[in-house]
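Load the model in your viewer and keep the selection panel open. Each stop below gives a selection and then says what is there.

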Amino acid sequence: MVEISERDYDLLVDTEIVVDVILGNASITIKEFLDLAEGDILSLDKLAGTGGDIYVNSRIIGTGDIIVIDEKLAVRVQDAMDSDNVVRYFFEENLL
């Protein structure tokens, strides 16, 4: 296991990342996708109220509840990977 120096840690925590929150998935054909129109409903595989999965670089790092703040969607983190594992993951992804 690679040791992360304090300098590397300081560089890493200032790195900007993109966070995605996935509400669910649906499997449809291309034709069904092309036929979608405004107002159509696409049913997802998750139950209502189960929140969203929080991803960074295609890796799930937590889950949270979807809420609305000032008319914008937001996520309230409910469960997240511990900080040591998150830092190690980012370091190993060569985000420095």
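**Stop 1: Asp53 and its surroundings**

Select Asp53 and show its contacts (heavy atoms within 4.5 Å). Leaving out residues up to four places away in sequence, Asp53 touches Asp20, Val21, Ile22, Lys46, Ile60, Gly62 and Thr63. Asp53 lies in strand E2, residues 52-56. Helices (H or I, at least four residues) and strands (E, at least two) are DSSP runs, numbered from the N terminus.

A word on the model before moving on. This is a predicted model, in which local features need pLDDT of at least 70 and side-chain atom pairs count only at pLDDT 80 or more, while totals for chains, interfaces and linings use all residues. Residues are numbered from 1 along each chain as its sequence is written, and side-chain values use heavy atoms, with hydrogens and water left out.

**Stop 2: the salt bridges**

Is Asp53 buried or exposed? Asp53 counts as buried because its relative accessibility is 18%. The classes are buried (under 20% relative accessible area), exposed (over 50%) and partly exposed in between, with a 1.4 Å probe and protein chains only.

The side chains of Lys46 and Asp53 form a salt bridge, 3.6 Å from N to O. The term means a side-chain nitrogen of Lys or Arg within 4 Å of a carboxyl oxygen of Asp or Glu. Lys46 is partly exposed, at 27% relative accessibility.

How many salt bridges does a search of the whole structure find? It finds two. For the other, select Lys31 and Asp35: their closest N and O atoms are 2.8 Å apart. Lys31 is exposed, at 55% relative accessible area, and Asp35 is partly exposed, at 46%.

**Stop 3: the sheet**

Switch to cartoon. Four strands make an open sheet in the order E1-E2-E3-E4, with antiparallel pairing. E1 and E4 (72-80) are the edge strands, each pairing on one side only. From one strand to the next, the twist averages 40°. Its angles run from 0 to 180 degrees between N-to-C directions, with axes as lines fitted to C-alpha atoms, for helices over the stretch in contact. Two strands count as paired if DSSP finds at least two bridges between them.

Go through the pairs in order:

- E1 (residues 19-22) and E2 are antiparallel, over four bridges. Select Val19: its bridge partner in E2 is Val56.
- E2 and E3 (residues 59-69) are antiparallel, joined by five bridges. Select Tyr55: it stands opposite Ile60 in E3.
- E3 and E4 are antiparallel, over eight bridges. Select Ile66: it stands opposite Val75 in E4.

Stay on E2 for a moment. Four of its five residues are buried. In a regular strand the side chains alternate between the two faces of the sheet.

**Stop 4**

Select Asn57. E2 and E3 form a hairpin with two residues between them, and Asn57 sits in the turn. Its phi is near 50°, a positive value in a residue other than glycine. Asn57 is partly exposed, at 36% relative accessible area.

Jump to Glu71, in the loop between E3 and E4. Here too phi is positive in a residue other than glycine, near 65°. Glu71 is exposed, with a relative accessible area of 79%.

**Stop 5: the nonpolar core**

Select Leu12, Ile54, Val56, Ile61, Val86, Val87, Tyr89, Phe90 and Phe91. These nine residues are the largest nonpolar core. Such a core is a set of buried Ala, Val, Leu, Ile, Met, Phe, Trp, Tyr and Cys residues joined through side-chain atoms within 4.5 Å. E2 and helix H3 (83-92) each supply at least two of its residues. Which element gives the most to this core? H3 does, with five residues.

Zoom in on Val56. Beyond its neighbours within four places in sequence, Val56 contacts Ile17, Val18, Val19, Ile61, Tyr89 and Phe90.

Then select the buried residues of H3: Val86, Val87, Arg88, Tyr89, Phe90 and Phe91. They pack against helix H1 (6-13), E2 and E3.

**Stop 6: confidence**

Finally, color by pLDDT, the predictor's confidence in each residue, from 0 to 100. The protein's mean is 86, and 95% of its residues reach 70 or more. Confidence is highest in helix H2 (residues 30-34), at a mean of 96, and lowest in H3, at 77.
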